[in-house]
Amino acid sequence: MTAPHLEHALGILGSTRDPDGHPMIEPYGQHPVDYVREAGAMALAEPPDQNTPAVAHPSV
């Protein structure tokens with residue numbers, strides 16, 4: 001996937017605010033392209049959505 005596509009995909013994953021997506025995002029913190037790394041950091045910084053099952057029901 002090209003760097004611009006990765007940047008966009010990471011933005012989409014971050015906008016879901018689902019903490020279950022973090023394991024997919026974290027590897028991009030080491031990406032060689034700076035704006036992809038920044039997109040990954042921003043995606044991880046999104047506050048979790050309180051309606052996400054993983055957050056609303058941590059025991060599930």
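Q: What percentage of the 60 residues in the protein is buried?
A: This is a predicted model, where local features need pLDDT of at least 70, side-chain atom pairs count only at pLDDT 80 or more, and totals for chains, interfaces and linings use all residues. Residues are numbered from 1 along each chain as its sequence is written, and side-chain values use heavy atoms, with hydrogens and water left out. Buried means under 20% relative accessible area, exposed over 50%, and partly exposed in between (1.4 Å probe, protein chains only). Out of the 60 residues, the buried share comes to 20%.

Q: Which residues make up the largest nonpolar core?
A: A nonpolar core is a set of buried Ala, Val, Leu, Ile, Met, Phe, Trp, Tyr and Cys residues joined through side-chain atoms within 4.5 Å. The largest one here has 7 residues: A3, L6, L10, I25, V36, A39 and A43.

Q: Is H31 buried or exposed?
A: H31 sits in the loop between α2 (22–25) and α3; helices are DSSP runs of H or I, at least four residues, numbered from the N terminus. Its relative accessibility is 17%, so H31 counts as buried.

Q: Which residues does H31 touch, not counting residues up to four places away in sequence?
A: Contact means heavy atoms within 4.5 Å. For H31, the list is L6, V36 and R37.

Definitions and conventions. Helix = DSSP H or I, 4+ residues; strand = E, 2+ residues; numbered from the N terminus.
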